[in-house]
Amino acid sequence: MAIRLLVNVVRFIVTYVVATVLVFLVMRAIPGDPAQVALGVNATPELLESTRREFGTDRPLIVQYFDWVGGLPFGDFGTSYVTRQDISPLVADRVQVSLILVVLAMIVALLIAIPFGTFAAVRHRNPSGILISGLSQVGVALPNFLAGILLVVVFAVGLGWLPANGWTPPAEDPGDFLRRVILPVVALASVQGAILTRYVRSAVLEVMSEDYLRTARAKGLGRMEALVRHGLRNAAIPVLTVTSVQLAALIIGAVVIERVFVIPGLGSMLLDAVGNRDLLTVQSVVMVLVSITLIINLVVDILYTVLDPRIRKKA
């Protein structure tokens with residue numbers, strides 16, 4: 001087991017290093033001079049050269065890369081080319097907002113998917129199970145941003161129950177935080193919940209056809225009791241795989257939802273930096289998103305070892 005965990009950690013480190021190289025090279029492949037963007041078209045050659053020295057873009061690429069990547073483990077992302085502000089505190093502030101939004105949305109999605117997916121599997125030949133499968137298919141086809149717009153139109157503009165946009169930190173005003181976070185969380189969770197519902201249904205259906213579950217029922221256990229005691233743990237393994245993928249998709253989906261609901265998260269910061277051609281900020285935010293995704297995959301690999309005794313035995 002320890003060897004498998006070590007392999008997972010080594011794979012994480014290698015993937016992280018490769019990701020830093022790719023992100024750095026992609027940003028450098030974008031046409032344009034950061035000094036020219038920061039100073040404008042009327043800047044003199046002397047001022048441009050001075051600004052390039054200030055930004056460090058006059059140095060060889062390999063030196064720029066190691067200068068940037070050396071600060072990442074310590075949370076040092078450098079200074080913005082446009083605003084001349086330290087990027088690190090801005091990222092730290094925005095990542096908290098995005099993580100709150102994503103974690104709440106995933107919790108709600110799982111609270112939707114696990115019971116409804118299990119029920120749809122157990123009742124897959126009945127109208128109720130077919131109805132749940134049909135509704136989940138509709139949810140899969142609905143984009144996050146469209147779900148957000150529909151929720152705003154109905155609950156904010158039409159009924160006036162909830163605010164249409166904005167953000168309040170939970171420590172500042174918990175009541176207003178809950179009112180403002182409901183719509184974006186539901187917009188993200190509804191689509192992901194529909195996707196996960198279908199995977200939970202498929203995983204539970206597969207488990208229900210296994211011999212050990214039929215043996216448990218032959219010993220006198222009811223269908224749900226046998227499923228809960230012997231089946232759900234095995235069904236959790238493929239669902240965990242899909243959940244990790246959907247959690248990464250949720251992080252990307254949050255970029256658009258933050259724009260729709262005017263939430264000051266990483267997504268808004270990324271889009272603003274792209275619009276201002278602030279390449280170092282874009283590079284740093286993208287790397288943070290990649291890092292979060294890689295950490296999620298590492299945690300899932302570790303959970304595999306914990307949940308599946310076959311993997312532990314093989315390890």
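Student: Which residues are exposed on the other side of helix 4?
Tutor: Ile62 and Phe66 are the exposed ones there. Keep in mind that this is a predicted model.

Student: OK, and which residues of helix 4 are buried?
Tutor: In helix 4, residues 61-71, the buried set is Gln64, Tyr65, Trp68, Val69 and Gly71. They sit on the same side of helix 4 because they cover an arc of only 160° around the axis.

Student: Let me zoom out. How many helices and strands does the protein have?
Tutor: There are 13 helices and zero strands. Reading from the N terminus, the elements go α-α-α-α-α-α-α-α-α-α-α-α-α.

Student: What percentage of the residues is buried?
Tutor: Buried residues are 42% of the 315 in the protein.

Student: And how much of the contacts comes from residues 24 or more positions apart?
Tutor: Such pairs account for 70% of the contacts with a separation of 6 or more.

Student: Switching to electrostatics: how many salt bridges does a search of the whole structure find?
Tutor: Two. One is Asp176 with Arg179, where the closest N and O atoms are 3.3 Å apart. In the other, the side chains of Arg180 and Asp176 meet at 2.9 Å, N to O.

Student: Where do Arg180 and Asp176 lie?
Tutor: Both are in helix 8, four residues apart, which is about one turn of the helix. Asp176 and Arg179 are three residues apart in helix 8, residues 174-208, so about one helical turn separates that pair too.

Student: Is Asp176 buried or exposed?
Tutor: Asp176 is buried, at a relative accessible area of 16%. Salt bridges with shared partners join Asp176, Arg179 and Arg180 into one network.

Student: New topic, helix packing. At what angle do the axes of helix 5 and helix 6 cross?
Tutor: Roughly 130°, with the axes of helix 5 (residues 87-122) and helix 6 (residues 127-140) coming within 8 Å. That angle makes helix 5 oblique to helix 6.

Student: Left-handed or right-handed crossing?
Tutor: The crossing of helix 5 and helix 6 is left-handed.

Student: Which residues make the contact?
Tutor: Helix 5 brings Phe116, Phe119 and Ala120, while helix 6 brings Ser128, Gly129, Ile132 and Ser133.

Student: I also clicked on Phe261. Where is the place of that residue?
Tutor: Phe261 is in the loop between helix 10 (223-260) and helix 11 (266-275).

Student: Then what is Phe261 in contact with, leaving aside neighbours within four places in sequence?
Tutor: The partners of Phe261 are Gly148, Val152, Ala164, Asn165, Gly166, Leu183, Pro184 and Ala187. Take Pro184: the C-alpha atoms of Phe261 and Pro184 are separated by 6.8 Å, although the two residues are 77 apart along the chain.

Student: Last one. Where is Thr281 found?
Tutor: Thr281 is in helix 12, residues 279-307. The residue is buried, with a relative accessible area of 6%.

Student: And which residues is Thr281 in contact with, again leaving aside neighbours within four places in sequence?
Tutor: Ser80, Ile87, Met269 and Ala273 are the contacts of Thr281.

Methods. Residues numbered from 1 in each chain as written. Predicted model: local features only at pLDDT ≥ 70, side-chain atom pairs only at ≥ 80, totals over all residues. Heavy atoms only, no water. Salt bridge = Lys/Arg side-chain N within 4 Å of Asp/Glu carboxyl O. Helix = DSSP H or I, 4+ residues; strand = E, 2+ residues; numbered from the N terminus. Buried < 20%, exposed > 50% of the residue type's maximum accessible area, 1.4 Å probe, protein only. Axes fitted to C-alpha atoms, helices over the stretch in contact; angles between N-to-C directions. Parallel < 35°, antiparallel > 145°, perpendicular 65-115°, else oblique. Left-handed = near helix turned anticlockwise from the far one by under 90°. Contact = heavy atoms within 4.5 Å. Arc of directions from axis to C-beta.
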